[in-house]
Amino acid sequence: MSKRRVKMYQVVLLLFLSRAFTIISYNSKQGSSFGATTALIGVLLGFALMLLIFLPGYYFIRRNSLQGEMSDLSMCAAKAVGKGAAVVDVFYFLFFAAGAGYTVANFELFITTAIYPQASHFLVVFLLILAACYGVFMGIESLSRTAIIVFAVFLISMGFIIFSLLPQMDWVNLKMPFWSGLQEGTTALFGGMMDSVGQSMELAALFFLMPHIIGKIGKGMVAWDAMFTAQLILVSVFIVGVLGQLGITQPFPFYTLASVAEISIFQRLDALHVSIW
């Protein structure tokens, strides 16, 4: 059976959309740093930290791969430590299972809290898992082609939302970094780094997909890191600038932000969220 291959730019779009869902479905109850001005510095530091985390794994895979062909982390571990590589496989399974469970729970909470409060929790979870299974059946090539269309729709919708919110932007809400003191500022700084790095399970997926990627993986990693960092900063700035203190405490602040936009077609992002997932 021939190995399924996908171009690096398509992988970048897939990973970006995965991370974008986490950003736009952020629940302020999960943490207090999102949107804080000081945390934006932490997000920038998180950009650099992601690259530092990526480099050792990338170097390990390249060193233990056959010449001219990339392997994934599990294959390289098998070559380096033999049967002990089973630990890596078990870790991969547990990590992705936990990530999938968290994603389903977060999506279910978002749908039944912000969009359809009367919806059946079981039905939402069932349909989501059914869609995920269909995606697995279709394969990485089909998903990567679909990502191009979804990314275009997502980019256009984000552009319209941001453009419509510019007149409502109050720059006074964007206070100077560390304005609340060193202790709270440090907490926000660390929180910004965790918002950037702590929920980026896509990095592990990238290590897993390496044998199937055509193109420069290092450049693709930098592009993905820069894209989701820029989106996180942009969304944070507009949440604070438009919603003020409400944006920090409001559950699912991006959805509230989109509802404030004066373009009716973008006040309901249900289909967009489902497509991104």
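## Overall make-up

The chain holds 12 helices and two strands, where helices (H or I, at least four residues) and strands (E, at least two) are DSSP runs numbered from the N terminus. Read from the N terminus on, the elements follow the order β-α-α-α-α-α-α-α-α-β-α-α-α-α. Of the 277 residues in the chain, 45% are buried, a term for under 20% relative accessible area, with exposed meaning over 50% and partly exposed in between (1.4 Å probe, protein chains only). Among contacts (heavy atoms within 4.5 Å) between residues at least 6 apart in sequence, 78% join residues at least 24 apart.

This is a predicted model, in which local features need pLDDT of at least 70 and side-chain atom pairs count only at pLDDT 80 or more, while totals for chains, interfaces and linings use all residues. Residues are numbered from 1 along each chain as its sequence is written, and side-chain values use heavy atoms, with hydrogens and water left out.

## Packing of α1 against α9

Helix α1 (residues 8–24) and helix α9 (residues 217–243) have axes that come within 9 Å and cross at roughly 25°; these axes are lines fitted to C-alpha atoms, for helices over the stretch in contact, and angles run from 0 to 180 degrees between N-to-C directions. The two helices, α1 and α9, are therefore roughly parallel to each other, as angles under 35 degrees count as roughly parallel.

Residues that make the contact include F16 and R19 of α1 and M221 and W224 of α9. The residues of this contact between α1 and α9 divide into 15 nonpolar, two polar and one charged, where Ala, Val, Leu, Ile, Met, Phe, Trp, Tyr, Cys and Pro count as nonpolar, Asp, Glu, Lys and Arg as charged, and the others, Gly among them, as polar.

## The nonpolar cores

A nonpolar core is a set of buried Ala, Val, Leu, Ile, Met, Phe, Trp, Tyr and Cys residues joined through side-chain atoms within 4.5 Å. The largest such core has 50 residues, and those with the most contacts inside it are V11, F16, F54, L206, M221, W224 and L257. Helix α9 gives the most to this core, with 11 residues. Leaving aside its neighbours within four places in sequence, V11 is in contact with V6, L206, L209 and I213.

A second, separate core of 10 residues includes F107, F110, I111 and Y255. Y255 lies in helix α11 and is buried, with a relative accessible area of 8%. Although Y255 and A114 are 141 residues apart in sequence, they are 7.7 Å apart in space, C-alpha to C-alpha.

Methods
Parallel < 35°, antiparallel > 145°, perpendicular 65-115°, else oblique.
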